[in-house]
Amino acid sequence: MREQFGNHDFGLTEEQEDHAARLHRGSIIIDTLFQGPCGYRSFDDPMLQQLQNDHTTHNNPMLSLWQAVEMPIRRAIAGHFPDFHECWSDSGITGGNRQVGGNAPGEDLPWFALNQAQFDNLPWLNKATRAQHFRDAKRDGTHVGFVSTQNTLQFGLDLNLLNRSWELGMRMVQLTYNSVNFVGGGCTDRVDCGVTDFGVRFIKRLNELGMLVDTGHCGKQTTLDACAISNTPVVASHTSASGVHLHDRAKSDDELQRIAGTGGYIGVYAVGMFLTDDRHANVEHMLDHIDYIASLVGWQHVGIGSDWPMQTPLWGLEMLGRYATEIGFREEHGVTAPKNLIGFDDYRDMPNITRGLMARGYSDDAVRGILGENFLRVFEQVCG
């Protein structure tokens with residue numbers, strides 16, 4: 001019997017369930033930190049064995065994690081992993097980011113290559129560089145990915161590398177990832193230095209090129225500075241509200257209001273340890289943060305940046321916990337024992353967001369906005 005998803009109990013009537021299903025099917029849905037589309041259920045025994053054998057050889061938790069994240073992508077490109085398409089379609093997600101990384105200039109090129117291979121080889125997946133591409137995908141029953149990065153180390157001090165990344169399709173740049181870099185301060189660093197002089201030039205170049213300024217992992221002062229410096233709307237692709245649960249990954253009321261004040265967007269993640277102290281975190285905790293932000297700055301500025309469930313087996317989450325300190329997390333951040341949310345344990349659980357919003361009394365327009373239209377508005381304003 002096929003496993004059922006998107007059926008968390010919100011107490012909806014049959015009529016409400018039918019309406020939520022139609023609303024979900026008809027909406028443009030955008031996940032602004034999309035680790036998927038697959039989850040741990042997509043990994044069969046041979047895949048797990050290969051990953052574990054490779055880890056035994058190199059004993060590098062970071063490499064093991066990224067091998068797990070990339071395995072479904074590479075298999076889909078090779079044409080023998082239908083789960084990649086099926087999970088994406090079943091989720092209802094129209095578009096999500098495709099990530100680029102690297103800690104030094106040049107290290108981003110393999111990431112760009114893997115993303116482009118997806119766009120070149122998967123007939124149902126196209127690159128989104130402007131807002132119309134999302135609308136076209138919804139109309140045609142296909143999907144899109146927009147290229148983004150969670151750090152700026154790969155640019156070094158060369159602003160012209162931003163131009164190259166724009167030419168390769170990048171449209172969203174997170175200024176920092178947890179730790180301080182050339183651009184500014186991160187949210188888990190011991191210092192909150194704000195945007196540097198180079199960072200000011202960096203943000204202005206993003207504005208000139210038409211690339212989104214993302215503050216998801218930025219420190220408070222860096223977030224506030226970015227909002228003051230940027231002449232286009234600022235986003236936090238994946239975060240939460242410290243007014244609901246105090247955590248270094250969360251944004252204060254001041255930050256949330258400043259981001260919204262630019263006309264920007266705030267994506268809420270599905271990471272239980274950042275949302276609540278409850279060891280059995282569920283999708284309601286995620287919705288609590290959406291509620292809080294919507295009440296504080298308006299539903300027009302909030303959306304979904306799930307971050308998890310990650311495209312790894314559960315073994316891969318163990319790898320993340322083992323190398324978390326290398327990417328700026330400390331023991332008190334709770335990354336050492338990561339878990340998926342109950343009710344958002346798979347990307348195919350995305351209908352639970354629509355159903356949960358309806359259960360909390362959001363209008364159809366508000367639900368459509370939170371699911372994707374709010375981000376699409378900002379994407380269109382910044383990227384065209």
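I shall begin with the rings and then turn to the helices.

This is a predicted model, in which local features need pLDDT of at least 70, side-chain atom pairs count only at pLDDT 80 or more, and totals for chains, interfaces and linings use all residues. Residues are numbered from 1 along each chain as its sequence is written, and side-chain values use heavy atoms, with hydrogens and water left out.

Rings of Phe, Tyr and Trp (its six-membered ring) pair if their centres lie within 6.5 Å; planes under 30 degrees apart count as stacked, over 60 as edge-to-face and the rest as tilted. By this rule there are 17 aromatic pairs. One of them, Phe34 with Tyr347, is edge-to-face, at 5.1 Å between centres and 80° between planes. Phe34 lies in the loop between strand 1 (30-31) and helix 2 (45-58), and Tyr347 in the loop between helix 13 (314-323) and helix 14 (351-359), so the pair ties together parts 313 residues apart in sequence. Helices (H or I, at least four residues) and strands (E, at least two) are DSSP runs, numbered from the N terminus. Phe34 is buried, at 4% relative accessible area; buried means under 20%, exposed over 50%, and partly exposed in between (1.4 Å probe, protein chains only). Tyr347 is likewise buried, at 0%.

A tilted pair, Phe198 and Phe202, has centres 6.0 Å apart and planes at 55°. These two residues are four apart in helix 8 (residues 197-209), which means about one helical turn between Phe198 and Phe202.

Finally, helix 3 (residues 61-77) packs against helix 5 (residues 109-121) at about 30°, with axes 9 Å apart; axes are lines fitted to C-alpha atoms, for helices over the stretch in contact (heavy atoms within 4.5 Å), and angles run from 0 to 180 degrees between N-to-C directions.
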